[in-house]
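Here is a walk through one protein model, from the inside of a strand out to the ligands. Keep the 3D view open and look up each residue as you read.

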Amino acid sequence: MSPDNKSTFTLDGKTVSYTEGQTIIQAAMAAGEYIPHLCFNPEFKPHGSCKLCTVKANGRQTASCTQQPQPGMVVESDTKELNDERRALLQMLFVEGNHFCPSCEKSGNCQLQATAYQLNMMSPHFDQFFPDRPVDASHSEYLLDFNRCILCSLCVRASRDVDGKNVFALSGRGIKSHLIVNAKSGNLADTDFTGEDKAAHVCPVGVILKKRVGFVIPIGKRTFDEHPIGATPHPTVKGA
Amino acid sequence: MITQVNTHSEYLDPILLHRRHNANDLLQVLREAQEHYGYIHSDAIDYLSEKLNLPRSKIEGVAGFYSFLYLQPRGEYRVLFSDNITDRMLGNMDLMASMCAQLWVESGKLSEDGLLSINTTSCTGMCDQGPAMLVNNIAINRLSNERVSAICELIRERVPVSAWPAEFFAIEDNVRRKDILLGSSFKSGSALAVLQQRGADEILNEVKVSKLRGRGGAGFSTGSKWDFCRVAPGEQHYVVCNADEGEPGTFKDRVLLNSYADMVFEGMTLCARVIGAKKGFLYLRGEYRYLLDHLQAVLQRRRQQALLGKNILGIADFDFDIEIHLGAGAYICGEESALIESLEGKRGTPRNRPPFPVTSGYLNQPTVVNNVETFAATSLIGLNGGSWYAGIGTETSSGSKILSVSGDCDRPGLYEYPFGVTVAQVLADCGARDTQAVQVSGPSGVCIAANEFTRRIAFEDIPTAGAFMVFDQNRDMFEVARNFVHFFAHESCGFCTPCRVGTSLLSNMMDKLAQGFGSPYDFAEIEKLNVLLQSTSHCGLGHSACNSVLDTIAKFRPAYEKRLAHKDFVPAFDLDSALSQARQMTGRDDKGAHLEREDESR
Ligand SMILES: Cc1cc2nc3c(=O)[nH]c(=O)nc-3n(C[C@H](O)[C@H](O)[C@H](O)COP(=O)(O)O)c2cc1C
Ligand code: SF4
Ligand code: SF4
Ligand code: FES
């Protein structure tokens, strides 16, 4: 192997350079390239659970948020095969929870919705699960609408690793996996959660919502309404 | 509040002391704590949270992961019927219905008086002597109507489980065919004596020469694994014996631990010397809780014999001991990285790999994880040498394999053969007749049809972790696959999207077919799901979750076709059955209270 391709790989034919320790998606984003993702957030340690970022690396499918590149690696991402699979994964996330986008405060700022548009998801395809997930409105400033949780664990990581609080955790197993909060009552109001927490601002979908600011920015004028996801590498979500 | 916490401290303090307030032992602490009330009391979590310095959310998250840990009362008697397909074939569902009726309780719910609960659980590893159940996590086999009625009586009279008739708890080994391993007259310490004489390098070399491959399923070279771990840098090295044995239809590790435990522990000790480990773990599935006292006694005896502990066999720096950790009802904890998470007291979620356990395992230190049978085999290899072992079996599958045979045959139990034995030979030996199919290596393995019975058990032909479930011509292979699919949905850890949602979608589809609402469209959907699960799942569970359905569609298509009342897509929703509640309320069941189904009206 020649020394000059030592720290580069190709992504859909384009050469991307990387530094030791970076994963494929980290290097791609640094180079301004977009790979669909939900549980990955550049500010946090990769988790690798949603599998939306799946790419083919030297012919083998793998999650690009956790996979480190090798020199000269050939990575395919924007292919019909992979986008079809990503769309199916999105459809799974949609039917697993209760997502009624038109009435959701996060509409237009939601990464799940924006990615679904980007990947031309026209219907949920699978039969809906319609799970029963009560809303937690106990906290004076914040609302938790678990119906939309995609179990990406970003709030868990933010609270634990940045806020040092462990307000959120995952419990249950399999399809019964669910988010819990750190209180005997099970209510957010009885935790030490505040609006200043990092965890209050990382949810890619509409679970952790600030109260009384609903629809301040009208639908149609929100982040992903103006800049479809993937068009610019990672727009900052308005009002977050 | 304070007094409540104090009452919990009474039973929690000794547990915490014994576990040295080690948060890594959280799962063990929770399991032991639960033995007090039959569930984990909310105030007990407060106390543990304070004493272990762990957030409540973490403790609840861990407890919520494992099927055998309860955060709500489940009764003084917690009855779980093993629900493998082999239990079903032996009538477990009727027995469970009868028990529910006798005790006036609905399955899955706590009885109104709070006395008991009855539910199903994944295969408990007793397929050779089913139908089986667990009562307060202790195994009872060979259930019959009489035995179930007797148990109902004991529960009604509130007789403590410890005072139930001993014969209820008798568990047979059922060893039917012995070869080099089951037939050996291994003496504890004999392989360690060879180690003492020849040194760790030579033992490692013998294991390499033996070409031994792991018996837990993947078939990785044991010698290479030990070598990788030996050279991996770390503060400590660890040996872990995987006794999670969760694959439905597998029960060989149960017998090895019951009657050949010395061989297993000695293999672990050889490994420890080779890789330089001071500490080892046996991760024992919760279903085998009944083996715990016996195994502790074997360990204790080995310590007295200087085969464990400080200065083993008098060798100055040879210190090694083994601790037993119990699982708590989670098949995924058989996957080695999930097992390590579980050993660390966490939810059993498979890790991102690389790094692999050999470089970063328990507490991120180099760790060897091997199956029970693998360790037992290394004892034999230590004793008799690698080339002896390599001469048995086939070129690429050396040595012997223990099969757990169950289902439609006269003599279910353990059969040990040199690798390369044909399926037909095993069927003849176990007294199987009119065999339609054999499921080899459990739900994640392969389904073999009659025209393939000349195939061989070997890594190069039919690889197996040991399960061998026999189905005769009267069995409905669709129901076999449906049982397996429900197993995967129940056992998916839920970490990754494709498996968490996909396994549930798949079991819903199979239920839809079972209810007669299927169409060829569903076959195509199942095929698509399989591709998605294969290519995007995080671990082996997701990769193999569709196997049994695809195999049975390919090989036993009529079993599916007879359920396809329709040629085109049919929704899963049935209007007529949606009216059943209304019919029940109005007491009507005449023709006018039913909607005709399209196919009937044609
Ligand atoms: C879902 C899943 C379940 C597994 N269950 C077991 C098990 O119960 N026992 C076992 O020894 N290996 C099991 N394995 C394989 C282990 O991950 C690992 O490969 C094995 O313990 C290594 O030991 P060996 O090399 O001696 O086979 C499982 C793997 C997967 C993916
Ligand atoms: S609440 Fe939001 S951030 Fe937290 S796990 Fe659910 S989707 Fe992810
Ligand atoms: S494939 Fe299934 S069991 Fe494995 S990590 Fe994903 S959800 Fe968990
Ligand atoms: S973004 Fe990589 S798995 Fe979720």
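B:Val440 counts as buried because its relative accessibility is 0%; buried means under 20% relative accessible area, exposed means over 50%, and partly exposed is in between (1.4 Å probe, protein chains only). You'll find B:Val440 in strand β12 (residues 435–440) of chain B. Helices (H or I, at least four residues) and strands (E, at least two) are DSSP runs, numbered from the N terminus. What does B:Val440 touch, not counting residues up to four places away in sequence? The list is B:Gly445, B:Val446, B:Ile448, B:Ile457, B:Ile462, B:Pro463, B:Thr464, B:Ala467 and B:Phe468, where contact means heavy atoms within 4.5 Å. B:Val405 sits 35 residues from B:Val440 along the chain, with 9.5 Å between their C-alpha atoms.

A word on ground rules: this is a predicted model, so local features need pLDDT of at least 70 and side-chain atom pairs count only at pLDDT 80 or more, while totals for chains, interfaces and linings use all residues. Residues are numbered from 1 along each chain as its sequence is written, chains are lettered from A and ligands numbered from 1 in the order in which they are written, and side-chain values use heavy atoms, with hydrogens and water left out.

Now for strand β10 (residues 400–407) of chain B. Because 7 of its 8 residues are buried, β10(B) is largely enclosed by the rest of the structure. Two strands pair if DSSP finds at least two bridges between them. With β14 (residues 467–472) of chain B, β10(B) runs parallel, joined by 4 bridges; here B:Ser404 has B:Ala467 as its bridge partner.

Next, look at B:Glu491, in helix α18 (residues 477–491) of chain B. Is B:Glu491 buried or exposed? At a relative accessible area of 3%, B:Glu491 is buried. Its side chain makes a polar contact with the side chain of B:His490, at 3.1 Å. A polar contact is a pair of N or O atoms within 3.5 Å; within protein, one must be able to donate a hydrogen and the other to accept it, and residues adjacent in sequence count only if both atoms are side-chain atoms. Leaving aside neighbours within four places in sequence, B:Glu491 is in contact with A:Arg173, B:Ser122, B:Ala330, B:Tyr331, B:Ile332 and B:Leu541.

B:Leu363, another loop member, is not a glycine but has a positive phi near 50°.

In chain A, helix α4 (residues 154–162) has buried residues A:Leu154, A:Cys155, A:Val156, A:Arg157, A:Ala158 and A:Ser159. These pack against β7 (168–171), β8 (178–181) and β9 (208–210) of chain A.

Finally, the ligands. A residue belongs to a shell if one of its heavy atoms lies within 4 Å of the ligand. Ligand 1 has 18 residues around it, with B:Gly216, B:Asn242, B:Asn370, B:Asn371 and B:Thr374 the closest. Here are some distances to its oxygen atoms:

| Residue | Atom in the residue | Distance |
|---|---|---|
| B:Gly216 | backbone N or O | 2.6 Å |
| B:Asn371 | polar side-chain atom | 2.7 Å |
| B:Lys225 | polar side-chain atom | 3.1 Å |

Of the 610 Å² of accessible area that ligand 1 has on its own, the protein covers 88%; such areas come from the Shrake-Rupley method with a 1.4 Å probe, and for residues only the protein chains shown count as cover. β9(B) gives the most to this shell, with 3 residues.

Ligand 3 is surrounded by 13 residues, and the closest are B:Cys493, B:Gly494, B:Cys496, B:Cys499 and B:Cys539. The shell of ligand 2 includes A:Cys149, A:Leu151 and A:Cys203.
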